[in-house]
Amino acid sequence: MPGYLAGGANQYFSVSWVTPPYGEPPMKAFKDWNTGWNAAHAANEKSWEITEPAIYYQAAYQLLLSQFATDVSPPQLLAPAFDYTKSPHAVAFQFNDNVAASLAASDVTLQNLTTGQTILANQLTVSYIAATNTATFAYAAGVLPDGNYRATIAAAAVTDAAGNGLSSPITFDFFVLSADANRDRHVDLTDFTTLAANFNGTGKRFTDGDFNYDGTVDLTDFTILAANFNKSLPAPAVATSSTVDRTPPAARPVPLTPMLLSAAALPSIPDSFDRPDRVIDDVTS
Ligand SMILES: [Ca+2]
Ligand SMILES: [Ca+2]
Ligand SMILES: [Ca+2]
């Protein structure tokens, strides 16, 4: 085992009538003989005793070695995440080592695969939580445009304190679909029902229908939902699969759209949302 501190001759040799090794310092606490029962002393005569390394030797020795050892391990990505629950939207990457000094907003490339647009680095801000080694890239403007996204980080862009880069580039896919409260890639009656159930509520989140992230579910969020109603965002096609989206937008129910759009224009709409069951009855009948 590298760095294992070996034991050695025991200066505290227990057979007191054999000197040396008894009573000698470590470098002289050794004698080569082979004896069993000693009749004169009526006792067994141990011919060899060693000192075993104990934790108080070993730990200190390992610490000493560590001062000379070099970190050659590449930092590893533990968990990527996209946080749609807050504005600004942000992608976060947790590493197993401190990579703070190497980070810049330009390290991540954020591409909207749906539109082909790339979010420019000057639209991102980077922050770092040292306690968890988590780098967060936030979209300064707040809410990302709808689309399937791919975040990539080049292997050399992120290094630990010893200068080790990642062993491979990072690729992380996620999606943004405004008003999709339950994150099923469709804006439909389910999301509308959630919004209706939380209408006029405060302390709300995106998943409650607070689509503009102001904490309240109100007409502004309703308008966002109405504008996106019946919109679907299929997952990007995977090269190895011939699977296609089985619920094309055209096949999804549409009758709510005119009602929502016209209702959104009515100033009295918030009151009618006090009874979400009534609203849904209207919608489905
Ligand atoms: Ca960098
Ligand atoms: Ca949905
Ligand atoms: Ca809101």
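Helices (H or I, at least four residues) and strands (E, at least two) are DSSP runs, numbered from the N terminus. The model is predicted: local features need pLDDT of at least 70, side-chain atom pairs count only at pLDDT 80 or more, and totals for chains, interfaces and linings use all residues. Residues are numbered from 1 along each chain as its sequence is written.

Helix H1 covers residues 55-66. A residue counts as buried if 20 or more other C-beta atoms lie within 10 Å of its own, as exposed if 12 or fewer do, and as partly exposed in between; C-beta atoms are placed from the backbone.

Four strands form an open sheet in the order E8-E7-E11-E12, with antiparallel pairing. Strands E8 (118-119) and E12 (170-176) are the edges, and each pairs on one side only. Two strands count as paired if DSSP finds at least two bridges between them. Strands of a sheet pair through backbone hydrogen bonds, either parallel or antiparallel. Five bridges join E7 (residues 108-112) to E11 (residues 147-153). Two bridges join E7 to E8. Leu110 stands opposite Ala151 in E11 and opposite Ile119 in E8. E7 and E8 form a hairpin, with five residues between them. In its turn, Gly116 has a positive phi of about 80°.

Pro88 lies in the loop between strand E5 (77-83) and strand E6 (90-95). A cis peptide bond joins Ser87 to Pro88, with omega about 5°. Asn133 sits in the loop between strand E9 (124-129) and strand E10 (134-139). Its phi is positive, near 55°, although Asn133 is not a glycine. Asn133 counts as partly exposed because it has 18 C-beta neighbours inside 10 Å. Tyr213 belongs to the loop between helix H2 (189-197) and helix H3 (219-228). Tyr213 is not a glycine either, and its phi is positive, about 60°. With 18 other C-beta atoms within 10 Å, Tyr213 is partly exposed.

Helix H3 contains the buried residues Asp221, Phe222, Ile224, Leu225, Ala226 and Asn228. Asn230 follows H3 and has a positive phi, near 75°. An α-helix has 3.6 residues a turn, so residues three or four places apart point the same way.

The largest nonpolar core holds 36 residues. Such a core is a set of buried Ala, Val, Leu, Ile, Met, Phe, Trp, Tyr and Cys residues joined through C-beta atoms within 7 Å. Val108, Leu124, Phe137, Ala179, Leu195 and Leu225 touch the most other members. Elements E6, E7, E10, E11, H2 and H3 each give two or more residues to this core. At least three core residues come from each of domain 2 (77-176) and domain 3 (189-284), with domain bounds taken from an automatic or database domain assignment. Leu225 touches Ala179, Val187, Asp191, Phe192, Leu195 and Phe211, not counting residues up to four places away in sequence. Contact here requires C-beta atoms, placed from the backbone, within 7 Å.

Technical notes: Chains are lettered from A and ligands numbered from 1 in the order in which they are written. Two residues are in contact if their C-beta atoms, placed from the backbone, lie within 7 Å. The expected span of a helix is 1.5 Å times one less than its number of residues.
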